[in-house]
Amino acid sequence: MRSAPIFEVMAGGLLTTVQETRSRARFGRYGVAAGGALDPRSAALANRLAGNPDDAAVLEMTLTGPVLRVLRSTTLGLAGADLGMTVDGRPVAPGWSVAVRTGATVSFGERRCGARAYLAVAGGLDVAPVLGTRSTDLAGGFGGLAGRAVRAGDVLAAFTVPDAPARAGRWGAADLGLNRPLRILPGPHRPLFPAGAFLTLLKAEWQVAPESNRMGARLVGPQLAPRRADIPSVGLPVGAIQVPGDGQPIALLADRQPTGGYPVLAIVIAADLPYLAQRAPGDVVRFMRTTLEEARRAKALPGTVATDEEGWTLARATGGLT
Amino acid sequence: MRLFGERALLIEIARRPSVRVALRVAGLAAALERLAGVEAVVPAATSVLVEVNGVEEHVLAAAARAALAKPVTSGTWREHALAARFGGEDGPDLEETARLAGMSPETLIDLLASTRLTVAFIGFAPGFPYLIGLPRCLALPRLATPRVRVPAGSVALADGWAGIYPRATPGGWRLIGRTDEPLFDPTADPPARLAPRDRVRFIVT
């Protein structure tokens with residue numbers, strides 16, 4: 001496939017990385033993080049808006065977005081958090097696609113809601129896949145754009161598509177689930193905690209701490225200190241809520257290290273992790289207990305049929321791009 | 001075998017790590033990885049995490065039992081001799097570590113260099129080997145305050161393990177030496193140079 005430069009990065013924003021929906025989970029045994037878009041539903045939606053397959057590489061932007069100069073006319077798709085995107089000063093809301101011309105400036109202003117926005121470009125970003133995906137692994141320093149966040153001076157390329165859809169329109173938006181309680185299952189080390197700890201996790205109101213990152217959402221609330229703080233290192237699925245000696249839980253996100261030595265009190269089900277990833281520092285997190293059956297039914301990625309119980313509204317949009 | 005969320009199972013085979021446990025964990029991980037419906041296996045100190053998609057639990061349990069019934073000596077491994085420098089700038093914690101272990105830095109280096117370690121698993125960071133088989137006197141707790149930056153190639157000890165940091169990262173282990181041997185290359189197959197069951201010796205340079 002041919003590709004050509006698409007964006008010159010004028011400002012990188014707080015943390016802007018190339019990500020896609022596929023993970024490196026099967027490389028966990030080499031110490032590699034799963035990685036990938038923290039809200040894969042929104043990444044997939046951004047791609048659909050740009051006319052791409054769900055797993056094309058997109059930009060994941062955190063809290064404060066970048067400033068990008070468009071190097072050739074194309075179609076962009078935006079989904080996820082509302083970080084105040086504009087094209088030459090005109091606002092673009094999540095759930096919309098927009099045609100942009102050579103020389104246009106895409107910038108981001110004030111954050112309105114959510115934490116992570118996804119910007120897709122027709123054809124998908126062209127970076128070399130490493131270990132099965134184009135996603136950036138910040139800890140390992142590989143994947144994406146040279147294994148690091150995008151910064152001023154970078155030039156990003158995208159694959160060229162013969163008939164780039166020069167259309168603009170709305171295609172519904174994924175529910176960011178900002179008020180939803182996150183569904184959890186008990187973790188394997190629950191017996192290492194005092195009797196009431198799991199109940200406290202369920203009853204309390206937690207706040208996302210500013211030190212949260214792509215590795216984990218650090219939560220602030222009541223003490224959950226385990227009776228034993230150190231356990232032999234154990235493989236950790238994404239979503240595991242581990243509690244270090246300070247008693248404050250950390251819900252592991254996609255860039256978590258694949259093994260760790262803190263007891264795990266509970267685990268957030270995969271379908272609800274995007275909702276956690278969209279909480280910004282200071283936002284409230286509540287948990288509710290679910291069942292294994294419900295957890296297995298809940299979908300982590302949108303199906304091709306557009307509406308489901310996970311809050312997808314694609315079918316309600318009138319026949320795709322309008 | 002315990003559920004770990006809706007898509008993973010944790011198979012814990014011992015309470016405490018040892019060379020024998022490490023070999024059993026490695027054998028179990030290798031056997032389960034080949035099963036249809038297993039998406040990923042992550043071996044660790046005393047357990048294997050199995051991420052599944054559509055595999056029946058009893059099938060997994062039967063495969064686990066079969067793997068654990070095999071002698072620990074089965075399976076293949078490679079020998080690695082890793083050249084490393086010890087002490088000074090390369091091992092800023094060597095002196096204190098030796099003092100806590102009740103020996104001179106020279107004795108500690110001799111002891112380590114004469115020990116054949118076993119790779120138990122790769123974890124914490126891409127390519128980071130957890131090496132088991134240290135003499136008991138070198139089992140020391142990690143540093144009270146982790147370093148913000150541990151240089152790439154650092155050879156370190158903590159909690160009865162030896163490890164090597166393939167890349168600069170924050171870390172709380174005791175740094176005693178440093179190697180220039182590359183341990184992780186994301187473009188190689190497999191990306192990690194060391195694998196569970198491999199044996200490692202340090203060559204003092």
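Let's start inside chain A. Between domain 1 of chain A and domain 2 of chain A there is 1 salt bridge. The partners are R214(A) and E60(A), with the closest N and O atoms 2.7 Å apart. Keep in mind that this is a predicted model.

Where are these domains? Domain 1 of chain A covers 3-170, and domain 2 covers 182-290. Their centres, taken over C-alpha atoms, are 28 Å apart. Domain 1 of chain A puts 24 residues into the contact, and domain 2 of chain A puts in 17. Together they bury about 1,500 Å², with 54% of that on carbon and sulfur atoms. On the domain 1 side, L38(A), R41(A) and R116(A) lose the most area, together 37% of what that side buries.

Polar contacts next. On the domain 1 side, α1, β5 and β10 of chain A each supply at least two residues. β10(A) gives the most, with 4. By class, that side has 11 nonpolar, 8 polar and 5 charged residues.

Now the chain interface. Here 36 residues of chain B contact 36 residues of chain A. The buried area is about 2,900 Å², and carbon and sulfur atoms give 63% of it. Again, the count is 1 salt bridge. E33(B) meets R29(A), 2.5 Å from N to O.

Which strand supplies the largest share of the chain B side? That is β3(B), with 5 residues. The chain B side divides into 22 nonpolar, 5 polar and 9 charged residues.

Notes
Residues are numbered from 1 along each chain as its sequence is written. Chains are lettered from A and ligands numbered from 1 in the order in which they are written. This is a predicted model: local features need pLDDT of at least 70, side-chain atom pairs count only at pLDDT 80 or more; totals for chains, interfaces and linings use all residues. Side-chain values use heavy atoms; hydrogens and water are left out. Contact means heavy atoms within 4.5 Å. Buried area is the accessible area (1.4 Å probe) that two parts lose on being put together, summed over both. A salt bridge is a side-chain nitrogen of Lys or Arg within 4 Å of a carboxyl oxygen of Asp or Glu. Ala, Val, Leu, Ile, Met, Phe, Trp, Tyr, Cys and Pro count as nonpolar, Asp, Glu, Lys and Arg as charged, and the others, Gly among them, as polar. Domain bounds come from an automatic or database domain assignment.
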